[in-house]
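Here is a short briefing to read alongside the model. Please keep the sequence and the 3D view open as you go.

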Amino acid sequence: MASTLTAPTNFIGDFFEWFGDLGIFFWRVARAAVTPPFEFGELFVQLDEIGSKSLPLVALAGAATGVVLSMEARYSLTRFGAKSLLPAAIVFSVIHETGPIITGLVVSGRVGAGIGAQLASMKVTEQIDAIEASAVNPYRLLAATRIVACILMLPLLTIAGDACGLLMGWVAQALVEPLSLHQFINSGFKGADFNDLLPPTFKTAVFGLIIGLIACFQGMRTEGGAAGVGRAATSSVVLSSLFVILADVVLVKFILIFFP
Amino acid sequence: MNTADQIALNPPDTANRANAPVISVEDLHKSFGPQKVLNGLSLNVNRGETLAILGRSGTGKSVSLRIIIGLEKPDSGSVRIHGQEITGLSLDELGEIRKKMGFLFQHAALYDSLTVEQNVAFPLLHHKQEMSGNERSERARQLLTEVGLDGQYDKMPSDISGGMQKRAGLARALALEPDILLLDEPTAGLDPISSGEINELVLKLQQEHHMASIVVTHDLHSAKTISNRLALLDKGNVVIEGSFEELQGSDIEFVKEFLKYS
C-alpha cells in the first residue's frame, strides 16, 4: 500500500526536480553565452554539424511531405469540387505547419540524439571535467554553442524543407495534370502575406532552443557508463520531440492571435 | 571588469597569502546521499612539496582531489589555493584559479575527437590567445617530447596505449605551466615498467617545475618514489601523515595492516 502511494509522489517529485534542474542549466548556459570569451570557432563547427549535415535529411523529409500532401489534397479537394485550390492548399499546409514541424522533428531525431550521445559520452569519460579543469567553461564551450547553432539553423533548414516540399508538391501535381511551376507558385501564393510566411518559419527558432537545450541538458547530466549514454541519447530524442510538438501547439495559438 | 581583474584587484589578505601553504584544506566534509565520504579532512601542501594520499577504495581520496580543483562542492569546510578560499567561487572565478592548476585524471580523460597534439594545445588555445597557431603547436610538441611522446603528435587517443594516454594527460596538465599539480592514480592500470616510467617522469617534472603536488594512489611504491610526505586516509579522514619511515614506525593497527598488504 505504501509503495503504491509513494510511486506517484516520487514521479511528481522527479518531474518538478527535472524542470528545476533544467531551469538552472538554462540560466547557466544563458549567462555563459552572453559573457566573453565567446567560442566562435566551436560555434561555426556546430553550425556546420547541425545545419549543413541535417540539410539532406530535412530536404528529403520536406520533399516526401510535399508529394504526400499533393496526393492527399488532390483526392480530398476533388471530392469537394475545390480542385482549383490545390496549389494554395499545398503552399499553406507546407509553410504554415508541415514544413516547420517536420523540420523540427527530423532535427530533434538527428541532432538531439547526436548531441545527447556525444555529451553523455564525454561526461562519463570525464572529458567534460577535463574541460572544466583546463579552466574552460563547459556550459559556454559545449552547451551554448550547440544551442545557439540549433536556434540559428532551424529556420534556415525550415526554409529549405519548405522549398523542397513545394517543389515536389508541384512535381506530384504536374505529373497528374499539366501545370507550370510559375502557375503553381502564382496560384499558391495568391493572397499570402508576411504573416503567412515569416512567423511560422521563425517559430522553429524556438524548436531549435528546445532541441539544443534538452539534448545538452540530458547529455551533460548523464551518469552510469554506456547504459547512461544510451539513455541520454534516447531521452534527448523523446523529450525534445515531445516538447517540440507541445511548443507547436502554443506557438500556433500565439501566431494566430498576434499575426492573424 | 572581468573576473581576472576583480580577483587581481581584490586579493584577500595579500600578506597572509604569501606565507600561506599553496594548498590548504580544512575540516572538509562531503556526503553522497547517505554515504559519508569525507569526515573532517585537513591537509596542507607547500611549494615544491609532494603529498601522496593513500587509502582503501572509497575512502574519499579522489573526491578530495576533485574538491580541491572545484569539480565537486564540499558540504562544509574550507579549501584555500594560495590563501584564497575557492569553495564559494563561480565557474568563471574558479577558472582563473584553475589556470594555475594541472590535473591528471585517473583514465587520462583525453578528448577523443582531438589528436594527442590538439589535446595538449587545448588549454593554450583557450588561454594563450597571444600565441600563434604555430607557437601553440610547437609548445604542445615540446611538452609531448618532455613526457616521452615525440612522434605521436597526430595520433588519436584511442590509437595509443594507456601509459601513453597518461603521459599525454600529464603534458596537457602542464600546458599552462601550473604551480599546482594534482594526480589521480597516475599509475593505476599500468604494467610495472610503465608505472616506473610514469613515476620517474613525475619526479623529474616536479624537480624541474617546483610545483606543489598531491598524488592520489593505491601504489605504495609510487607514493614512496614521488612524494615527500604521505597521508593515509580511512573513513574520510587522515589516520596518519608523515614520511614513509614514520608510517612504518606507527603503532596504529590500520596503518600496520595497510602496509602489510601493500
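**A buried loop residue and its surroundings**

Ala109(B) sits in the loop that links β6 (101-104) to α5 (116-127) in chain B; helices (H or I, at least four residues) and strands (E, at least two) are DSSP runs, numbered from the N terminus. This is a predicted model, in which local features need pLDDT of at least 70 and side-chain atom pairs count only at pLDDT 80 or more, while totals for chains, interfaces and linings use all residues. Residues are numbered from 1 along each chain as its sequence is written, chains are lettered from A and ligands numbered from 1 in the order in which they are written, and side-chain values use heavy atoms, with hydrogens and water left out.

**Backbone points to look at**

- Ala109(B) is not a glycine, yet its phi is positive, near 50°.
- With a relative accessible area of 3%, Ala109(B) is buried; buried means under 20% relative accessible area, exposed over 50%, and partly exposed in between (1.4 Å probe, protein chains only).
- You will find Ala135(A) in the loop between α5 (127-133) and α6 (138-176) of chain A, and at 12% relative accessibility Ala135(A) counts as buried.
- Pro36(A) and Pro37(A) are joined by a cis peptide bond, with omega about 0°.
- Pro37(A) belongs to the loop between α1 (2-34) and α2 (40-50) of chain A.

**Helix α5 of chain B**

- Ten of the twelve residues of α5(B) are buried, so this helix is largely enclosed by the rest of the structure.
- Its buried residues include Val116(B), Glu117(B), Asn119(B), Phe122(B), His126(B) and His127(B).
- The cover over these buried residues comes from both chains: it includes α5 and α6 of chain A, together with α6 (133-146) and α7 (162-173) of chain B. Contact here means heavy atoms within 4.5 Å.

**Strand β7 of chain B**

- Five of the five residues of β7 (residues 180-184) in chain B are buried.
- Ile180(B), Leu182(B) and Asp184(B) point one way from β7(B), Leu181(B) and Leu183(B) point the other way, and all are buried.
- On one pairing, β6(B) and β7(B) run parallel and are joined by four bridges; two strands pair if DSSP finds at least two bridges between them.
- Within that pairing, Leu181(B) of β7(B) is the bridge partner of Gly102(B).
- β7(B) also pairs in the parallel sense with β8 (residues 212-216) of chain B, over five bridges, and there Leu182(B) stands opposite Ile214(B).
- A right-handed β-α-β unit is made by β7(B), helix α8 (residues 192-209) of chain B and β8(B). Right-handed means that, with the strands pointing away from the viewer, the path from the first strand over the helix to the second runs clockwise.

**Chain A as a whole**

- Chain A has ten helices and zero strands.
- Its C-alpha atoms fill a box of roughly 65 × 55 × 35 Å along the principal axes.
- Of the 260 residues of chain A, 47% count as buried.
- Among chain A contacts between residues at least 6 apart in sequence, 85% join residues at least 24 apart.
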